[in-house]
Amino acid sequence: MAEYFAMGGYANFVWPAYGITALVTLGLIVWSVRGHRAVKTRIAALEARANGAEGS
Amino acid sequence: MAKSIQRFANPARFMALSGAVLPWAAAATALTLSIGLYLALIASPPDYQQGETVRMMYVHVPSAWLASAGYASMALACAVGLIWRHPLAFASAKAMAPLGAAFTFLALVTGALWGKPMWGAYWVWDARLTSVLVLFFIYLGYIALWEVIEDFGRAARATSVFCLAGAVNLPVIRFSVDWWNTLHQPASVARLDGPAIHSSILTPLLVMALGFTLLFVVLTLVRTRTEIMERRAASLEMQQAQAGMIVGAHNG
């Protein structure tokens with residue numbers, strides 16, 4: 001197991017390469033999903049206001 | 001009238017279609033990336049010359065591929081937007097830009113990490129590396145241009161012209177390894193005479209490349225949907241502001 005993580009002496013290059021890739025791609029996913037949720041909430045609030053205005 | 005119907009009908013169709021496709025595409029992405037990571041980190045052998053460092057190729061090459069292919073898709077969307085004046089095309093180009101920039105960043109960083117043990121340097125001012133760094137700055141310029149122009153129509157046209165001008169960098173990246181005597185190796189997968197790497201290494205590379213591409217497509221769909229909804233929210237806000245003014249005028 002330790003031998004596997006040592007990556008033939010290149011652990012300091014291989015693991016950071018995978019680490020930064022995981023970090024950036026997960027970051028893109030979280031950021032994109034959050035942006036989508038935020039605009040959904042915004043539209044729901046606007047539509048509720050519009051319907052409320054019509055109802056009154 | 002016909003034109004205005006076309007303008008709204010197509011985003012509506014896009015929203016329905018992309019909404020139906022997204023869960024399946026997301027599942028396919030997760031599955032492909034899981035298989036790809038297993039092949040890249042566990043099942044594949046070390047390279048006979050490069051040893052374990054070859055594993056960096058499985059994240060470096062797909063990132064670099066998306067850096068260029070992402071820009072090419074963006075340029076295509078910009079051209080469609082400019083020619084047919086289609087808001088959906090502009091929205092998708094805007095959605096792709098941060099994704100392309102992120103993958104270009106990853107190509108540069110993973111390339112530096114791979115370069116150190118193989119070339120003895122994190123960075124060299126080699127034609128391939130330099131042209132990809134230029135690509136990164138072009139992405140940032142495109143994103144910045146969207147931020148500084150407030151009106152959607154004007155921003156869409158200006159950013160698209162900028163994007164198409166930046167596309168001249170793509171053939172420079174592609175052929176930089178042939179035109180100049182670079183430290184970066186020439187193409188070994190996309191060659192006219194077929195790939196020049198062994199299948200034990202080519203298979204994990206292709207699976208990872210497919211996984212990265214699926215991720216790019218899924219995030220582009222999500223972000224394009226967000227962009228369309230942002231515009232809808234802005235127009236609702238405008239309507240309510242105007243209605244509020246009319247009500248205000250009547251009451252006053």
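**Exercise 1. The A–B contact**

How many residues does the contact take from chain B and from chain A? Then work out which elements of chain B are involved.

*Solution.* Keep in mind that this is a predicted model.

- Step 1: count each side. Chain B puts 31 residues into the contact, and chain A puts in 26.
- Step 2: look for the elements behind the chain B side. H3 and helix H7 (199–251) of chain B each give at least two residues to the side that touches chain A. The largest share, 14 residues, is from H7(B).
- Step 3: sort that side of chain B by class. You get 18 nonpolar, 5 polar and 8 charged residues.

**Exercise 2. Chain B from a distance**

Describe the overall make-up of chain B before zooming in on any helix.

*Solution.* 

- Step 1: take the extent. The C-alpha trace of chain B spans about 80 × 35 × 30 Å along its principal axes.
- Step 2: check burial and contacts. Chain B has 252 residues, and 35% of them count as buried. Among contacts in chain B with a separation of 6 or more, 78% join residues 24 or more positions apart.

**Exercise 3. Two helix pairs**

At what angle do H2(B) and H3(B) pack, and how far apart are their axes?

*Solution.* 

- Step 1: recall what to look for. Two packed helices are described by the angle between their axes and the distance between the axes.
- Step 2: start with H2(B) and H3(B). Their angle is about 155 degrees, with the axes 7 Å apart. Angles over 145 degrees count as roughly antiparallel, and H2(B) and H3(B) are therefore roughly antiparallel to each other. Their crossing is left-handed. The contact between H2(B) and H3(B) has 19 nonpolar, 10 polar and no charged residues.
- Step 3: move on to H3(B) and H4(B). They pack at about 150 degrees, axes 9 Å apart. By the cut-off of 145 degrees, H3(B) and H4(B) are therefore roughly antiparallel to each other. The crossing of H3(B) and H4(B) is left-handed.

**Exercise 4. What covers H4(B)?**

Which residues of H4(B) are buried, and what covers them?

*Solution.* 

- Step 1: pick out the buried residues. Among them are Ala127(B), Arg128(B), Val132(B), Leu135(B), Ile138(B) and Tyr142(B).
- Step 2: find the cover. It includes helix H2 (57–84), helix H3 (87–119), helix H5 (152–166) and helix H6 (169–179) of chain B.

**Exercise 5. One alanine up close**

Is Ala95(B) buried or exposed?

*Solution.* 

- Step 1: Ala95(B) is in helix H3 of chain B.
- Step 2: count neighbours. A residue is buried if 20 or more other C-beta atoms lie within 10 Å; Ala95(B) has 23, so it is buried.
- Step 3: leave out neighbours within four places in sequence. Ala95(B) then contacts Thr220(B), Arg223(B), Thr224(B) and Glu227(B). The C-alpha atoms of Ala95(B) and Thr220(B) are 5.8 Å apart, although 125 residues separate the two along the chain.

**Exercise 6. Positive phi without glycine**

Where do Met7(A) and Arg85(B) lie, and what is phi at each?

*Solution.* 

- Step 1: Met7(A) is not a glycine, yet its phi is positive, about 50 degrees. Met7(A) sits in the loop between helix H1 (2–6) and helix H2 (11–55) of chain A. It has 19 other C-beta atoms within 10 Å, so it is partly exposed.
- Step 2: Arg85(B), also other than glycine, has a positive phi near 50 degrees. Arg85(B) follows H2(B) and lies in the loop between H2 and H3 of chain B. With 15 C-beta neighbours inside 10 Å, Arg85(B) is partly exposed.

Technical notes: Residues numbered from 1 in each chain as written. Chains lettered and ligands numbered in written order. Predicted model: local features only at pLDDT ≥ 70, side-chain atom pairs only at ≥ 80, totals over all residues. Buried ≥ 20, exposed ≤ 12 C-beta atoms within 10 Å, placed from the backbone. Helix = DSSP H or I, 4+ residues; strand = E, 2+ residues; numbered from the N terminus. Contact = placed C-beta atoms within 7 Å. Nonpolar A, V, L, I, M, F, W, Y, C, P; charged D, E, K, R; others polar. Axes fitted to C-alpha atoms, helices over the stretch in contact; angles between N-to-C directions. Parallel < 35°, antiparallel > 145°, perpendicular 65-115°, else oblique. Left-handed = near helix turned anticlockwise from the far one by under 90°.
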